Amino acid sequence: MARGLHQRFQIQGCVAKSRMAVVHLAFDPENERHIALKRQRPDLRDDPLITSLFRHEQRLAETFSHPHIPQALETGVMDGDAYIAFEYVQGHRLVDLLTQINQDRRFVAISQVWAIARGVASALAYLHRPGLNESFPSGVHMDVCPHNILLRENGDPLLIDFGISRSAWLAPDVPVVLGREAYVAPELFRGASPTPALDVFALGVLLHEALLAKPLFRAADRAQTFARIQHAPISVPHLERSSCPPELGSIVLRALARDPQRRFADGGEILSALSAHM
Ligand SMILES: Nc1ncnc2c1ncn2[C@@H]1O[C@H](COP(=O)(O)OP(=O)(O)OP(=O)(O)O)[C@@H](O)[C@H]1O
Ligand SMILES: [Mg+2]
């Protein structure tokens, strides 16, 4: 019998289950370390869309090496199960921090917002600008949101979940899958093809939320959320929170420009703007 994931790893629990994948906390006895084991959902093994996207995520994971992206340790297919073993990140998701902050009526420290902004922008710059690294084509993450940012215990942010991302390694006939709806850039509703500016907009939304400790566009249902993304007024962070530096507030507003031509074009551009204020 072919060796399966349960023979190779000691699977200790389920961390998350989504529409495409399951993530387990597991122990790798061969290398004596804990891992986050992401596998394609076993019930969707034969789904061609999910299989193409998961194989693409595996290929990107094998290539990536960046301080703000969790390191993949191993990828493969065992007894029909496609998987990625990642370094296990001790910490929590940005969405959990934001929920807690919102309940406690507190704010995320400005220094932490800068750190999140720089870390995620630097991961996006790496993904968007393959000229810096010839080994992979330019990609678009497509699902930048507080659920997909992990914070290490020292506060360092990591961008995770390249499960619906796009790059030249994905066949062009694989349909675009929308990410978490409150972070989708308005041009995507108009049928635009994915560009790095989509990820910049999503980063703008999450930074605005981190600065003001409340959702920017999220509404009661999908239709209202999409309407808000296209038309709701966007408050000026440094006018609403006096401790927010105007430079940071202005960068966030530029990332949120509804016209992609007026937005930072990619992670490299927003990273340069942020780095000018270190
Ligand atoms: N390297 C890691 N270390 C620790 N936890 C992780 C790691 N990778 C993922 N997780 C946990 O698993 C969850 C799901 O991971 P991921 O977002 O990659 O999967 P997904 O199935 O695409 O999820 P979703 O569609 O819900 O965003 C994360 O929100 C996080 O809590
Ligand atoms: Mg995710």
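1. Which residue takes a positive phi in the hairpin of strand 8 and strand 9? That would be G155, with a phi near 95 degrees, and the hairpin has four residues between its strands. A quick word on naming: helices (H or I, at least four residues) and strands (E, at least two) are DSSP runs, numbered from the N terminus.

2. Before going on, keep in mind that this is a predicted model, where local features need pLDDT of at least 70, side-chain atom pairs count only at pLDDT 80 or more, and totals for chains, interfaces and linings use all residues. Residues are numbered from 1 along each chain as its sequence is written, while chains are lettered from A and ligands numbered from 1 in the order in which they are written.

3. Now the sheet around that hairpin. Strand 8 (residues 149-152) and strand 9 (residues 157-159) run antiparallel and are joined by three bridges; two strands count as paired if DSSP finds at least two bridges between them.

4. Put together, you get an open sheet of three strands in the order 6-8-9, with antiparallel pairing. Strand 6 and strand 9 are the edge strands, each pairing on one side only. From one strand to the next, the twist averages 25 degrees. For such angles, axes are lines fitted to C-alpha atoms (for helices, over the stretch in contact), and angles run from 0 to 180 degrees between N-to-C directions.

5. Two helices lie across these strands. Helix 4 (residues 110-128) lies across strand 8 and strand 9, at about 30 degrees to strand 9. Contact means that the C-beta atoms of two residues, placed from the backbone, lie within 7 Å.

6. Finally, the domains. The domain assignment, which is an automatic or database one, gives domain 1 (5-87) and domain 2 (91-275). Their centres, taken over C-alpha atoms, are 24 Å apart. Where they meet, 15 residues of domain 1 are in contact with 22 residues of domain 2. On the domain 1 side, helix 2 (residues 48-63) gives the largest share, nine residues.
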